[in-house]
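Reader: I would like to learn how to read a helix and a sheet in a model. Please take me through an example.

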Number of protein chains: 2
Amino acid sequence: MLSEFSLIDRYFARRARTNTQRATLGIGDDCALIAPAAGEILAVSTDMLVEGRHFFPDIDPHALGHKALAVNLSDLAAMGAQPLGFTLAFALPKADEDWLAAFSAGLFELADRFDCELIGGDTTAGPLNLCLTVFGSVRQDDALRRDAAHAGDDIWVSGTPGDARAGLGMMRGEWPVREQDAAPLRRALEYPEPRVALGLALRGVARAALDVSDGLAGDLRHILERSHLAATIDVDALPLSPALARLPRDVQLQCALAGGDDYELCFTAAPARRDAVEAAAQQAGVRVTRIGTMTSRTSPQAAPEIAWRDAGGTPLNLTLQGFDHFHAD
Amino acid sequence: MLSEFSLIDRYFARRARTNTQRATLGIGDDCALIAPAAGEILAVSTDMLVEGRHFFPDIDPHALGHKALAVNLSDLAAMGAQPLGFTLAFALPKADEDWLAAFSAGLFELADRFDCELIGGDTTAGPLNLCLTVFGSVRQDDALRRDAAHAGDDIWVSGTPGDARAGLGMMRGEWPVREQDAAPLRRALEYPEPRVALGLALRGVARAALDVSDGLAGDLRHILERSHLAATIDVDALPLSPALARLPRDVQLQCALAGGDDYELCFTAAPARRDAVEAAAQQAGVRVTRIGTMTSRTSPQAAPEIAWRDAGGTPLNLTLQGFDHFHAD
């Protein structure tokens with residue numbers, strides 16, 4: 001078995017040193033030293049992934065390396081921040097070289113695509129656990145905050161939310177899918193694509209934004225809470241992938257509205273900026289869809305309610321709950 | 001049982017909001033936004049603590065809250081960085097309110113002492129695991145790096161290293177201790193004191209520095225490797241606590257030189273700066289002791305060797321190994 005230090009050196013540190021050296025001082029000292037771009041500040045996010053909770057024990061380690069960084073890059077995307085670097089802390093039951101080689105390959109392929117440098121970390125023995133903290137750079141006034149939505153704003157979502165949850169249900173045996181749909185749904189679950197380019201393109205265009213990690217309905221409520229608003233959503237406008245559209249309607253809605261792990265962006269923008277939103281999406285190469293409107297609350301004490309409507313404006317009675325790590329979903 | 005979100009709010013987020021608000025945007029958005037002081041850059045360190053590896057399953061959660069942050073603040077101290085804030089990610093088997101109340105109390109007592117603000121985090125269900133990432137501010141030229149030692153530098157250590165390892169051995173039943181020594185040794189293990197004030201006072205005085213987390217001998221080798229030097233250590237000069245001094249000599253040396261978890265600073269400084277080092281220590285209220293000298297290597301290819309000597313200069317033959325998380329220590 002490799003010792004801790006040779007393990008880090010073989011799979012992580014040497015690779016980190018060959019990168020862009022954006023960090024003034026990277027792996028090998030007590031701290032990494034890093035600075036945001038001139039006139040900008042640092043955006044920081046941390047996520048912990050646990051076996052059996054965030055991924056299956058038999059997950060392809062290459063996919064896990066991708067996903068561990070992707071969920072963190074997605075948080076930067078949701079702030080409109082440019083990725084700079086990340087730290088990686090992990091606990092491993094044993095130092096399995098094949099596993100580490102595949103994990104680090106998946107991790108660095110994504111890191112290289114977004115020019116995001118590994119600047120430090122920690123490894124220990126223990127039940128499998130991955131904790132990444134990611135750093136980005138953003139002008140303070142450009143940050144896409146959750147508390148910046150206005151009443152009357154359009155509500156937009158990127159991509160086709162629900163595919164990751166549909167893939168999870170498929171793997172759990174909750175519902176069968178057609179053979180042709182299995183691969184794209186599994187890919188949505190294992191290789192989520194962080195919408196970094198879209199987040200950057202939406203600076204100065206969108207008002208509030210977040211990434212959908214716990215389900216569109218639950219995550220949208222975070223914007224409603226922080227912006228003191230309510231919302232109306234046109235359920236028929238939800239963009240569904242062909243694979244999800246072939247599942248029963250109740251599964252579609254459960255996946256698209258309450259499914260976690262999508263990492264699409266949900267954001268608001270003034271109706272006057274519709275063309276600008278579409279241009280940003282085109283620049284980023286991502287589909288965006290307008291699904292609703294931010295509304296004022298009936299009273300300041302009112303709950304941050306979402307009114308569900310069909311395409312004809314008829315109210316729908318949906319009961320959905322976001323993903324909560326201390327409850328079953 | 002509390003849900004994830006109310007749990008965070010009750011024990012962490014509300015408390016975070018009452019702090020100094022150094023972060024432009026803290027808990028509750030996709031990212032925290034943070035900036036180093038004007039003209040400075042950010043020092044970043046991450047540490048993961050796992051039950052059974054870094055602490056006993058029955059550890060007092062107040063002590064665990066202290067230690068989880070202390071080991072990270074110690075990394076800032078070793079860079080001479082001023083603490084700014086930290087993120088906290090943890091996996092918990094269950095949301096036990098008594099445990100969380102005590103853990104958060106221990107954590108925030110230390111955070112408040114060092115004006116270090118909780119700016120973000122993540123919680124999930126899973127085997128107990130704590131991952132903190134800490135942020136400090138330092139002028140790039142002031143950072144106490146591991147690669148900055150010169151041949152001829154004095155080698156210094158703060159405090160009385162070895163007490164944490166002696167306390168661990170006591171609790172494991174490796175050696176008996178006198179009744180009067182049990183409390184201070186246990187305290188050294190459970191409530192390590194990060195040497196932040198000393199690290200700040202040593203800026204411009206010390207050359208290289210690190211914190212002793214894996215044992216003085218092993219950690220000093222990191223300075224030797226990065227600075228391309230060797231060292232001579234006067235074993236009789238090692239500062240021992242009264243409790244450690246009452247244990248057998250072989251236990252003293254094992255604990256002081258190969259024991260982990262001390263979080264004292266080991267640093268080098270030019271002999272001309274001895275008065276300045278003492279003044280910095282006095283300012284920080286910490287004892288420092290000169291224990292050796294940095295030396296040139298016999299050849300560039302030579303190993304980063306430490307020559308052990310007694311007070312009379314006679315060579316000693318010590319075989320010590322630092323703590324490695326993939327081997328027994």
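The dialogue below takes up a helix and then a sheet.

Author: This is a predicted model, where local features need pLDDT of at least 70, side-chain atom pairs count only at pLDDT 80 or more, and totals for chains, interfaces and linings use all residues. Residues are numbered from 1 along each chain as its sequence is written, chains are lettered from A and ligands numbered from 1 in the order written, and side-chain values use heavy atoms, leaving out hydrogens and water.

Reader: Which residues of helix H10 of chain B are buried?

Author: An α-helix has 3.6 residues a turn, so residues three or four places apart point the same way. Helices (H or I, at least four residues) and strands (E, at least two) are DSSP runs, numbered from the N terminus. In H10(B), residues 274–284, the buried ones are B:Val277, B:Ala280, B:Ala281 and B:Ala284; buried means under 20% relative accessible area, exposed over 50%, partly exposed in between (1.4 Å probe, protein chains only). Seen down the axis, the buried residues of H10(B) fall within an arc of 100 degrees (directions from the axis to the C-beta atoms), so they line one face of the helix. B:Asp275, B:Gln282 and B:Gln283, on the other side, are exposed.

Reader: In what order do the five strands of the open sheet come?

Author: Strands of a sheet pair through backbone hydrogen bonds, either parallel or antiparallel. Here the order is S1(A)-S2(B)-S5(B)-S3(B)-S4(B), with mixed pairing; two strands pair if DSSP finds at least two bridges between them. S1(A) and S4(B) stand at the edges, each with a single partner strand, so one side of each has no neighbour in the sheet.

Reader: How many bridges join S1(A) to S2(B)?

Author: Three, and the two strands run antiparallel. A:Ala32 has B:Val44 as its bridge partner in S2(B).
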